[in-house]
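Colleague: Please walk me through this model before I set anything up. Keep it brief.

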Amino acid sequence: MEARDTKEHVIEVTDLRRVYGGGFQAVRGISFHVDRGEIFALLGTNGAGKTSTVELLEGLERPDGGRIRILGHDPYTERAVVRPRTGVMLQEGGFPSELTVKETARMWAGCVSGARPVGEALALVGLAGKADVRVKQLSGGERRRLDLALALLGKPEVLFLDEPTTGLDAEGRRDTWDLVRALRDAGTTVLLTTHYLEEAEGLADRLAVLHQGRIAAAGTPAEVTAAQPSRISFQLPEGYFVGDLPPLGELGVSDHEVEGRLVRLRTRELQRAATGLLVWAERAGVELKALDVRSASLEEAFLQIARDASEQASEQEVAA
Amino acid sequence: MSGAMVKGSVTTPASRMAALARAELTLLGRSKATVISAVLVPLALPFSLRPVVDDMDVEDSGLTVGLVLLPAAIGFSLLFGVYAALTAIYTARREELVLKRLRTGELRDTEIIAGSALPVFTMGLVQCLVLAVGCTAFLDVPAPEAPHLAVLGVLLGLVMCAALAAVTASVTRTVESAQVTTLPFVLVSMVASGVTVPLELLPDRVASVCELLPLSPVITLVRSGWTGDLSAYEALGSLATALAWTVLAVFAVGRWFRWEPRR
């Protein structure tokens, strides 16, 4: 009888590091965990270290520092134990172009313990009609779906998806999301990378924003977003100055900037700030043109995190 | 017998390699260029050499035309049918990221390398058999005196060429450039390993150096399988040389094989 896996943390990453040949530090000490039946997204711009991290989790390379546990095992040194329980979708295909879809899936099925029937796996991703088409004739989106089908062949407990919807059209993307959610609901643990913010926001239970090989922010999409201020912007009416507005501090505005007649306010109390501003405009009998009131989105949070991180980096450079 | 529910089939190294080999066999059948250079060249080339061999004074060395052409044909089969073909296949699979993808699954590294080679390996073996039978039938080659030496030679040659192909693929960037990167070993073997010119016809000093090349003991073993003129001591020497190169090549694969394209 083998020991039971820790129920809580299916994926556990501690102070993970990866350094490439030229000395480039792609992953600079990141830690996170993913629970069973959870969808966890690694979000970041190109070059943030997403794929470098996922490849280590998949056990393709040995980390240069830190520790990884997948289902309680080291994915690199205990490959034989881990692999039958994981499914991997690489960022790029990796199929011989002269094989048909069915032949590709059949080959992979022969290498996977407890494989689903090939037809079932292809049907899951909507490729049943393309079974006899050569891989080289597939569109980019169809190749992504074939990759997903292969990742699902072994009914994995843990699924790694590296940019699963890149190249998919809106409908294909939605289908993939539904499929991933259904898998999660059936108990599969999913770790995915994406640079689509709405994908992370809509799909992930929790996420981490990677920036330059470090985790810049982590939590549920709501938590990461809530850490960022909301924004109000409008055009000052003719003849008015910022000083004519009610005291901004009292409205709960944390900072503001003025560009010509355009005013931008940041606040963590959106309702109070917006109400104060609109009541003032009502009383003054003026119209706030180009009024835009928005709570923080993951996109803004993401951009802000990237900005903050770059500022910190350049400050460090100046200090050094 | 047990009433338990059938759990999904668990893969074994053999079943995984079989699945991979089946896919590679399909691919081999669809790659006309590989099939032509791997089948036609080894079968046709040695016989186009016949006029040249007829002009050599092979009889002085106790050989016949058939005993020169048969090892030559088997040498060509190993070089073109196995070595060059497999170098191109390993390179293609790496550049298509197929090797990387295979490594994400249950296949072990050695299974990937061996499974991918299996169809070409088998094709090389069949070719050698066809050549042996064909040469015996059409070139008046006598029945082999020491067939076990020929069999050992061919098997060692196959493994060695497959491993050397994996090593060569590691320094080959594209399938096209495989035609260039395979040239050194192919040319050196053709000229100095007894494939086109029997080592027996070379000056002794040159021959003793050439005997140490990777394919030389393979050709020597194959030829002596028919002539039976190798002493036990000489046979052991050839086997040891071939084995040493094979072990070295396999070690080099484990050490330097490239699984992903250079970035």
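**Interface and sheet**

Modeller: Chain A and chain B bury about 2700 Å² between them, and carbon and sulfur atoms give 54% of that area. Buried area here is the accessible area (1.4 Å probe) that two parts lose on being put together, summed over both. This is a predicted model, in which local features need pLDDT of at least 70, side-chain atom pairs count only at pLDDT 80 or more, and totals for chains, interfaces and linings use all residues. Residues are numbered from 1 along each chain as its sequence is written, chains are lettered from A and ligands numbered from 1 in the order in which they are written, and side-chain values use heavy atoms, with hydrogens and water left out.

Colleague: Which residues of chain A lose the most area to chain B?

Modeller: Three residues together give 20% of what the chain A side buries. They are R79(A), W108(A) and C111(A).

Colleague: How many salt bridges does the rule find across the interface of chain A and chain B?

Modeller: The rule asks for a side-chain nitrogen of Lys or Arg within 4 Å of a carboxyl oxygen of Asp or Glu. E103(A) and R30(B) form a salt bridge, with their closest N and O atoms 2.8 Å apart. Across the interface, the count is four.

Colleague: Which element gives the largest share of the side of chain A that touches chain B?

Modeller: Elements are DSSP runs numbered from the N terminus: helices (H or I, at least four residues) and strands (E, at least two). Those giving two or more residues to this side include α2 (79-82) and β5 (86-89) of chain A. The largest share is four residues, from α3(A).

Colleague: What is the strand order in the open sheet of chain A?

Modeller: Strands pair if DSSP finds at least two bridges between them. β1 (residues 9-19) and β2 of chain A pair antiparallel over eight bridges. Five bridges join β1(A) to β4(A), also antiparallel. The order is β2-β1-β4.

Colleague: Is E111(B) buried or exposed?

Modeller: E111(B) lies in helix α6 (residues 109-138) of chain B. Its side chain makes a polar contact of 2.8 Å with that of R16(B). A polar contact is a pair of N or O atoms within 3.5 Å; within protein, one must be able to donate a hydrogen and the other to accept it, and residues adjacent in sequence count only if both atoms are side-chain atoms. Buried means under 20% relative accessible area, exposed over 50%, partly exposed in between (1.4 Å probe, protein chains only), so at 4% E111(B) is buried.
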